[in-house]
Amino acid sequence: MINCRDCASALNPYLDRELSDEDVVQVRSHLEACGGCLHVYQFEESLRRLVKVRCRQQGAPEWLRERITVLLADVEGFSYNDIAEITNVKKGTVMSRLFRGRRLLQKALVDQARSAGFAGGKQS
Ligand SMILES: [Zn+2]
């Protein structure tokens, strides 16, 4: 049987259904025997349920959508049309997210360069 430390490090993979069948049996039998670990497991499970419900209600924030759009365009090299298909939005939405996302990235890079002493000029 696994100990509490092994159980603790297996809990997230267990909840993510990433363990082998053999490890699942080990974790389950430990949880049946150990009240402390069962309590942690129940807390983690209810936290995940809460996150799932909240994510369904609110969706991803716009800044994250903009960031993903910039990554798809500038890092992965997808076209506007590809990104529109991947993210299930219109091409115009892709273009406006790219515009806003790149501006945010530019501002973050300038701020970082200034604080590292690399860039002068006026503050924006
Ligand atoms: Zn335990």
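1. Overall layout. The model is a predicted one, and its protein chain is divided by the domain assignment into domain 1, covering 4-58, and domain 2, covering 62-115. Between the C-alpha centres of domain 1 and domain 2 there is a distance of 35 Å.

2. The largest nonpolar core. Six residues in all form this core, namely Cys7, Leu11, Tyr14, Val27, Cys37 and Tyr41. At least two of its residues come from each of the helices α1 (4-15) and α3 (35-58), and α1 is the element that gives the most, with 3 residues. As background, nonpolar side chains in soluble globular proteins tend to be buried together.

3. Surroundings of Cys7. Once neighbours within four places in sequence are set aside, Cys7 is in contact with Ile2, Val27, His30, Cys34 and Cys37. Two of these partners, Val27 and Cys37, belong with Cys7 to the largest nonpolar core.

4. Packing of α5 against α6. The axes of helix α5 (residues 80-87) and helix α6 (residues 91-115) come within 8 Å of each other and cross at roughly 105 degrees, which means that α5 is roughly perpendicular to α6. On the α5 side the contact is made by Tyr80, Asn81, Ile83 and Ala84, and on the α6 side by Lys91, Val94 and Met95. Sorted by class, the residues of this contact are 5 nonpolar, 1 polar and 1 charged.

5. Leaving aside neighbours within four places in sequence, the contacts of Glu66 are with Arg97, Arg100, Gly101 and Leu104. Gln112 lies 46 residues from Glu66 in sequence, and the C-alpha atoms of Glu66 and Gln112 are 20 Å apart in space.

6. Two residues with positive phi. Most residues other than glycine have a negative phi. Arg17 has a phi near 60 degrees, a positive value in a residue that is not glycine, and Asn88, likewise not a glycine, has a positive phi of about 60 degrees. Arg17 is placed in the loop between α1 and α2 (21-33), whereas Asn88 is found in the loop between α5 and α6. Arg17 counts as exposed because 7 other C-beta atoms lie within 10 Å, and Asn88 also counts as exposed, with 7 C-beta neighbours inside 10 Å.

7. Arg28 on helix α2. Arg28 has its place in helix α2, and with 12 other C-beta atoms within 10 Å it is exposed, since the cut-off for an exposed residue is 12 or fewer. Arg28 and Leu38 are 10 residues apart along the chain, and their C-alpha atoms are separated by 9.3 Å.

Key
Residues numbered from 1 in each chain as written. Predicted model: local features only at pLDDT ≥ 70, side-chain atom pairs only at ≥ 80, totals over all residues. Domains from an automatic or database assignment. Core = buried A, V, L, I, M, F, W, Y, C linked by C-beta atoms within 7 Å. Buried ≥ 20, exposed ≤ 12 C-beta atoms within 10 Å, placed from the backbone. Helix = DSSP H or I, 4+ residues; strand = E, 2+ residues; numbered from the N terminus. Contact = placed C-beta atoms within 7 Å. Axes fitted to C-alpha atoms, helices over the stretch in contact; angles between N-to-C directions. Parallel < 35°, antiparallel > 145°, perpendicular 65-115°, else oblique. Nonpolar A, V, L, I, M, F, W, Y, C, P; charged D, E, K, R; others polar.
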